[in-house]
Amino acid sequence: MGGCAKAGWAAAALGVLGLLCAVLGAVMIVSVPSLIREQILKNVRIDPSSLTFNMWKEIPVPFYLSVYFFDVVNPSEVLQGQKPQVRERGPYVYREYRHKDNITFNDNDTVSFLEYRSFEFQPHKSNGLESDYINMPNILVLSAAMMMEKKPMALKILMTLAFSSLRQRAFMNRTVGEVMWGYDDPLVSLVNKYLPGVFPIKGKFGLFAELNNSNSGLFTVYTGIKNFSRVHLVDKWNGLSKVNYWHSDQCNMINGTSGQMWAPFMTPETPLEFYSPEACRSMKLIYEEAGVFEGIPTFRFKAPSTLFANGSVYPPNEGFCPCLESGIQNVSTCRFNAPLFLSHPHFYNADPALAEAVLGLHPSEKEHSLFLDIHPVTGIPMNCSVKLQLSLYIKAVQGIGRLPARKCPPLQPAPWSRC
């Protein structure tokens, strides 16, 4: 998900632009003098001659990714059908470095680019080390079992034999570093040899193994040089004007920006939308309130309660189904058909039955809401709380050796949590 820079980037941008102090206090567009308005329009567009271009190309203020894990404290009891009990561990904090490359200006007032990311562990900001062990669901085993649900019985038997011969278990005890960046598992090699195509991975398996030193796809966005009304809006992602993961045109639309800047001169009625490659969808936030962040006026935009609602609660989301309880979005169609669900941490804003099914979850608006604080005059993010949770859904699969028959506890909130 396109993250947001902290106040330092915003302050730096304003300093470079040379805006008067009065502008920092302006909230209503009518209070911005026309000369300053023209300067803002000139310098927030994506143009090598603009004062903000180098900051757009390589954001000077550090990003931080905070990852939390749920440690399962009663795995044996879970296998016997009891309610899972979890203990939140973390945060494990990583400095995220970003820079845009392959920048190409096109004839239709757009620019294409790849944004590369790399991560570096920050022990002094973390509550733990990468050497910490976490007891958690065996993602490979449980995902493989679910992915075999509709396969022929012969393949299910082969998978069961593979589990047995390699002594695979439903839960695993691995270090944070292994879970994040990858570990060698003989199951991957065996399945790829005898059941090619079942696993999308070839080497080490890790939740972030493919994100480090990688990019989030080819973005093509409007520069605003010729037509400022579309500045920063996404034209295409990986050459597509819409994705094909979902079951309705509305859900497949690529709306908003890439998540780093928005058009200036915002009002409470201005929609705040962005496309997230990691979530495989666009997200729309709604205006909540005006505020001040470190002396700079802001508009806060928050995720509506319907962001991950199922189709029965919020009909426009029907295209994201098949759905389970409301408040968790099935993202299996864009994650190699692995049974993964996206939600707010601790199932905040979800059906209460989800949090009640796991001991140790405490959904809270203060701790788990998603919001962005934007400087309305420039469209630059000042502060953000982008917190997401990825959960694995499992159940007993007929023909596969015995596995836990209940929904597993959430694996880790916020693979894309920033700020």
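1. The disulfide between C280 and C334 is right-handed, because the torsion about its S-S bond is about 90°. The model is predicted, and in it the S to S distance of this pair is 2.1 Å.

2. C280 sits in the loop between strand 8 (272-276) and strand 9 (281-293). C334 sits in the loop between strand 11 (329-330) and strand 12 (340-343). The bond therefore ties together parts that are 54 residues apart in sequence.

3. Both ends of this bond fall under the 20% cut-off for burial: C280 is buried at a relative accessible area of 1%, and C334 is buried at 9%.

4. A search of the whole structure finds two disulfides. Besides the C280 to C334 link, there is a bond between C321 and C323, with the sulfur atoms 1.8 Å apart. The torsion about the S-S bond of C321 and C323 is about -90°, so this disulfide is left-handed.

5. On accessibility, C321 counts as buried, with a relative value of 10%.

6. C251 takes part in no disulfide. The nearest cysteine sulfur to C251 belongs to C321 and lies 8.4 Å away. C251 is itself buried, at 5% relative accessibility.

How values were computed:
Residues numbered from 1 in each chain as written. Predicted model: local features only at pLDDT ≥ 70, side-chain atom pairs only at ≥ 80, totals over all residues. Heavy atoms only, no water. Disulfide = S-S within 2.5 Å. Helix = DSSP H or I, 4+ residues; strand = E, 2+ residues; numbered from the N terminus. Buried < 20%, exposed > 50% of the residue type's maximum accessible area, 1.4 Å probe, protein only.
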